[in-house]
Amino acid sequence: MSETTYDALVIGSGAAGSFAAMELTAQGLSVLLLEAGPAVTEKDFDPARKKAPASSINIWERARATVKGQPIQARAAFFTERFSHFFVNDWKNPYTTPKDSPFLWIRGRQGGGRLHSFGRVLLRWTDEDFKIRTLTGKGEDWPVSYDELLPFYEEAESLLGLYGNPDGVETLPDGVYAKRAGLTPAEEAFKAKVEGKWPGRHVVSWRYIAPDPTRTLAPLRKAQATGLLTTRYNAVVRRITTDEGTGLATGAEIIDRVTGGVESVRSAIVALCASPIESVRLLLNSKSTRHPDGLANSSGTLGRYFMDQLPCLAFGSFSGAKGWAKDTSAPTDDFYNPSGGVFIPRFDKAELSRGDFDFQGSVGRAPTDADGDARLSFFGFGRMLPYADNRITLDPRRKDAWGIPVPHIRCAMRDEELALLKKQEEILIETIKGVGGELEFIGSPTGLKEMGRGAFPDADRFSRFMFRRWFRKTMCMGAAIHETGGARMGASSKDSVLNGYNQSWDVPNLIVTDASAFPGSGVAGTTLTVMALTIRACRHVVQGYRSRD
């Protein structure tokens, strides 16, 4: 048993965990950071891995990863072999789903979590997300508003040094940008045509962070510099421990991923930052006599109201520009490809065809003949409403490689989502075709629709066959990789797990700051909002910790 009692324990080292470690150490607390996977080193970013895929579908890369133990991870829409070591081994980390509701759980277990493989796009949300029920009568209002989160958005953006531009779009608030983000000539032409035809539809540049040359995100570097951070890698948390008398969290039981040894660590505060599904699984597995249905679950809502955003994927060409070009504003990196592209946020409120969806993509960035139409690709993200029967539970029949019950994930669309996804696809087709674009395919969990020359017309026949066959397994719920909910915040302990500061109603020295805390799915990436909420939650829980002294 460990003799050291830390002021705070942080579980997970990704977007939430790195910011939690930074804020808690900045407040003068001693912090133990637990990461289930190994530390990352320079060899994980070997430039020799940066090879062009054998084909546009990269079917053989996915096949090799499948054989090596990543049949789920290899289905991620933009999976490449270069990043395969930043995704888990599915054989060691299984999960289950209902037969009629498949879910794609894309995950990474290493220092920094999915920060090494995510798109690095960081976007603010608005009160159209936070106050959705007030504005539309649907979904659930958050116990926090945009104005309350604004200073924390600004803190995170200022620290990270975003690339972006002040665009003045009413549905996508401008942020704090360190450098300008550019568009390719094809994207400039696409933007002019879209905004000229539909003034309420805006095309803006990505708002993103560059790959960090140190390979450690700034908040974690700041935490390390304080001398107050201790990091344990290969530490798989089995359960959060509690005091049966007070009900407070006391630390965690961990399993050494390499040796299998079990030990306990102790702390006065616990910050759970393991990612939505993993955090809910851990809380459910932390049941005790005082918490018989799982830790922080007196409301019975733990695991419920789980969501992901509605995904759709489209490829094609744009006749308004020829060839391709590099974005000279994008930073270069010897391991990562250049970032950048276009983003089409929710349309203006005056746009009759607006909906709760947006689109992220690129135009004229993929290599093609100088006299050929510019290539385009878009990924759509749509809002999912919270439903009590979309939930994470523990599967009593299966365990992972460390003997921990695996999650059973149900995330099924209802008529509301099916109708919205249909509109989302129709609007994307309308937008692209309306400005001289041609689609080769568009697909979503409802199926694949090929047009013109069909999907990946220049790929070999076998690859095209396998793409069609595997499409439904690739583009199912979970493909957006923006999962949310399961331990939602709320205004009342009767129907939520956490209060408005991400603090457990039942266990006040426990905070949960990853996207499991989200009461709604939103339509943009979750990462920046996770970072802002984490700063705010940690600052609040430290105030309570000190007031007890």
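Tutor: Before we start, contact means heavy atoms within 4.5 Å. This is a predicted model, where local features need pLDDT of at least 70, side-chain atom pairs count only at pLDDT 80 or more, and totals for chains, interfaces and linings use all residues. Residues are numbered from 1 along each chain as its sequence is written, and side-chain values use heavy atoms, with hydrogens and water left out.

Student: What share of the contacts with a separation of 6 or more comes from residues 24 or more positions apart?

Tutor: Take the contacts in the protein chain with a separation of 6 or more. Residues 24 or more positions apart account for a share of 70%.

Student: Which hand does the crossing of H1 and H7 have?

Tutor: The axes, lines fitted to C-alpha atoms over the stretch in contact, have angles from 0 to 180 degrees between N-to-C directions. Those of H1 (residues 15-26) and H7 (residues 218-225) come within 8 Å and cross at roughly 35°. A crossing is left-handed if the near helix is turned anticlockwise from the far one by less than a right angle, and right-handed if clockwise. For H1 and H7, the crossing is left-handed.

Student: Which residues of H7 make the contact?

Tutor: On the H1 side there are Ser18, Phe19, Ala21, Met22 and Thr25. From H7 come Pro219, Leu220, Lys222 and Ala223.

Key:
Helix = DSSP H or I, 4+ residues; strand = E, 2+ residues; numbered from the N terminus.
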